[in-house]
Amino acid sequence: MSHMDRALSLARRSLGAVSPNPSVGAVIVKDGIAVGEGRTQPPGREHAEIIALQEAGTSSEGATLYSTLEPCNHQGRTAPCTTAIVRAGISEVRVAVLDPNPNVAGGGVQALEEAGVRVRVGEGEKRAKLLMEAYFKYIGEGMPFVTAKFAMTLDGKIATHTGDSKWISGDKARWEVHGLRHTSDAIMVGINTVMADNPQLTARDERGKPRDRQPLRVIVDSKGRIPLNARMISEPGETLVVVSTATPETRESLAEAGFGVVEAAEDDGSVDLTVLMRHLAGEMDITSLCVEGGASILGSLFDRGLVDKVIAFVSPTIIGGGDAPSPVAGRGVELMSDAIKLERVKWDRFGRDMAITGYC
């Protein structure tokens, strides 16, 4: 494993826990040996580079710093990383990718070079951008990076005609989903999914125990129909109910039961998903959102061009039935030439199931 590979591995461990900051990994190397390493901590705490410098101590003098993202050069909740790097005597910094944040955007590299530090940019760039895809979307567009996740049978069904869906995917695929939840800032479902399944919507470990950090649960529920005793309300983590036509009395009852409540209404009374996305990013610092259904929510997101990435688990199972539901509803397209064609597609196997991942 190269030193940049190690830095990327460290960065991956902070995904979902540090937003709206990017998840960064840093390694300090002297005479070919790693003498310090760090990864991004929750907002307000040390950046990856600072933790690595603290661990390296006096060994930082004349050493090389590997960082998955350009070190910051501005005063935010923490002091500039570039200042600490220069003071520690680091002689060379290798950066995977420049920071798109306008407060940095090449300024960190410039500050280091002006102080006499050699800087190289580009090692591990593609992997770093993939790791920080949600941060790049959040900074560039003020919107969360939206992943549509669903499981279906070989004939494109998500349940039988009676609504039974447990379980389409096998254990290995479901544990992969728990890992996806854990690295997401929020997960979202529609009220029909809640009413049908009464899900917990938690991220769990291999033993089935809830993880220490839970993503925000977002429920799209225009009328506020979610039961006040829904299973998720007693689970660790927070739940946000998004309404549009719910009465003031309903909203008050939801709040008293422990739900967060926000309104985002379309003219037709449905939830305005674009407004919701901007609220999640702008008001709640959500950079990554995993949408797990149902079909109407996924269809609306695809119709509005709000989906960035798709992860579809396909089980070698046949359900059949003309009334059995499929993963994506909404208006859809009229012509095959207008169909959404995923790019950068990859296939992974989880037991008997296949996962198809691609970008819109």
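Against which elements do the buried residues of helix 2 pack? The points below take up this question and then turn to other parts of the structure.

1. **Basis of the note.** The structure is a predicted model, in which local features need pLDDT of at least 70, side-chain atom pairs count only at pLDDT 80 or more, and totals for chains, interfaces and linings use all residues. Residues are numbered from 1 along each chain as its sequence is written, and side-chain values use heavy atoms, with hydrogens and water left out.

2. **Helix 2.** Helices (H or I, at least four residues) and strands (E, at least two) are DSSP runs, numbered from the N terminus. Helix 2 is mostly covered, with seven of its nine residues buried; buried means under 20% relative accessible area, exposed over 50% and partly exposed in between, for a 1.4 Å probe and protein chains only. The buried residues are Ala-48, Glu-49, Ile-50, Ile-51, Ala-52, Leu-53 and Ala-56. In answer to the opening question, they pack against strand 1, strand 2, strand 3 and helix 3. Helix 2 is followed by Gly-57, whose phi is positive, near 60°.

3. **Helix 2 against helix 3.** The axes of these two helices come within 9 Å and cross at roughly 20°. Axes are lines fitted to C-alpha atoms, for helices over the stretch in contact, and angles run from 0 to 180 degrees between N-to-C directions. Helix 2 is therefore roughly parallel to helix 3; angles under 35 degrees count as roughly parallel, over 145 as roughly antiparallel, 65 to 115 as roughly perpendicular and the rest as oblique. Helix 2 passes helix 3 in a left-handed crossing. A crossing is left-handed if the near helix is turned anticlockwise from the far one by less than a right angle, and right-handed if clockwise. Glu-49, Ile-50 and Leu-53 of helix 2 meet Cys-81, Ala-84, Ile-85 and Ala-88 of helix 3, contact being defined as heavy atoms within 4.5 Å. By class, this contact has six nonpolar, no polar and one charged residues. Here Ala, Val, Leu, Ile, Met, Phe, Trp, Tyr, Cys and Pro count as nonpolar, Asp, Glu, Lys and Arg as charged, and the others, Gly among them, as polar.

4. **Helix 3 against helix 4.** Helix 3 (residues 81–88) packs with helix 4 (residues 107–114) at an angle of about 25°, the axes being 10 Å apart. Helix 3 is thus roughly parallel to helix 4, and the crossing of the two is right-handed. Thr-82, Ile-85 and Val-86 of helix 3 make the contact with Gly-108, Ala-111 and Leu-112 of helix 4. The residues of this contact divide into four nonpolar, two polar and no charged.

5. **Nonpolar cores.** In soluble globular proteins, nonpolar side chains tend to be buried together. A nonpolar core is a set of buried Ala, Val, Leu, Ile, Met, Phe, Trp, Tyr and Cys residues joined through side-chain atoms within 4.5 Å. The largest one has 36 residues, of which Ile-28, Leu-65, Ile-85, Ile-90 and Val-93 touch the most other members. Elements giving two or more residues to this core include helix 1 (3–12), strand 1 (25–30), helix 2 (48–56), strand 3 (64–67) and helix 5 (125–131). Apart from it lies another core, of 29 residues, among them Leu-216, Val-262, Met-277 and Val-307.

6. **Thr-239.** This residue is placed in strand 9 (residues 239–243) and, at 4% relative accessibility, counts as buried. Thr-239 and Phe-259 are 20 residues apart in sequence and 5.5 Å apart in space, C-alpha to C-alpha. Not counting residues up to four places away in sequence, Thr-239 touches Leu-216, Arg-217, Ile-219, Met-232, Phe-259 and Gly-260.

7. A cis peptide bond joins Ser-19 and Pro-20, with omega about 10°; Pro-20 is found in the loop between helix 1 and strand 1. A cis peptide bond also joins Gly-293 and Gly-294, with omega about 5°, and Gly-294 lies in the loop between strand 11 (288–291) and helix 11 (295–303). Asp-31 has a positive phi of about 55° although it is not a glycine, and at 75% relative accessibility Asp-31 counts as exposed.
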